[in-house]
Amino acid sequence: MDQFARTQLLLGRDGMEKLKKARVAVFGIGGVGGYVCEALVRSGVMSFDLIDDDRVCLTNLNRQIIATRKTVGMYKTDVMKERMLDINPDADIRIHKCFVLPENSSRFPFDEYDYVVDAVDTVTAKIELVMKCQEHHVPIISCMGAGNKLDGSQFRVADIYKTKMCPLAKVMRRELKKRGVKKLKVVYSEEKPTRPLEDMSISCRNHCICPPGTQHKCTERRDIPGSVAFVPSIAGLLIAGEVVKDLIAM
């Protein structure tokens, strides 16, 4: 019995073949990206590039599918790859322990990707991914802000220029317009962000628990967003659904 038999009942044999032959790059293996990887490998996608330089932190346990007490301190790409291979041992998974930046984006084989998922945090990285995908004619879907949100039902799939309320989407609209980008599929929330409490008794700024040698600590961030278990997962699953739908339609 094929482990994807139940999926094939809905997507058909041709659809499953398209997923099997596709290579998807997921940039950012966190609260959103982890659920993207989980859903795609369970859907029958066989080939992946996973890109992230973070290690699992204790504060990731509240929302990231790869975060457990046993995985704290491990590279997220390593943990995600092992989990995905437990689901499908035949998957081809390449990992890149780095963050995407304008100065290193040329090292990624965009011409090999059938789809790119942007689940990174910074505008600079998001813009770079969009421009690289446009250059190589690769479809991309970007996640807008999922932090400081409490209502998962307010996530939408839309073109970036039709988004509203999301502060990150507003910045992206402005920057993409400057660069002549006509469209970008995104997942975003129409919920007004909740301002996180200023509780210094639990703040990472005063109580950093990142493992020694961590390159990018929370203490370096201008704002540390609040998060819950049920919001990033919804965004990630919505993205995965769009990727599957688009790959089958190709």
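Q: Just after H2, which phi does glycine 44 take?
A: This is a predicted model, in which local features need pLDDT of at least 70, side-chain atom pairs count only at pLDDT 80 or more, and totals for chains, interfaces and linings use all residues. Residues are numbered from 1 along each chain as its sequence is written, and side-chain values use heavy atoms, with hydrogens and water left out. Helices (DSSP runs of H or I, at least four residues) and strands (E, at least two) are numbered from the N terminus. Just after H2, glycine 44 has a positive phi of about 115°.

Q: How many of the eleven residues of H2 are buried?
A: The buried residues (under 20% relative accessible area with a 1.4 Å probe, protein chains only; exposed is over 50%, partly exposed in between) of H2 include Gly33, Tyr35, Glu38 and Ser43. H1, S1, S2, H3, S4 and H6 are among the elements that cover them. H2 is largely enclosed by the rest of the structure, because the buried count is ten.

Q: Is lysine 76 buried or exposed?
A: Lysine 76 lies in helix H3. Not counting residues up to four places away in sequence, it touches (heavy atoms within 4.5 Å) residues including Asp52, Asp54 and Arg55. Its relative accessible area is 5%, so lysine 76 is buried.

Q: Which cysteine has the sulfur nearest to that of cysteine 37?
A: At 0% relative accessibility, cysteine 37 counts as buried. Cysteine 37 is in no disulfide, a disulfide being a pair of cysteine sulfur atoms within 2.5 Å. The nearest cysteine sulfur is 13 Å away and belongs to cysteine 143.

Q: How many disulfides are there by this rule?
A: Cysteine 133 is buried, with a relative accessible area of 1%. Its sulfur is 15 Å from the closest cysteine sulfur, in cysteine 98, which is too far for a bond. The count of disulfides comes to zero.
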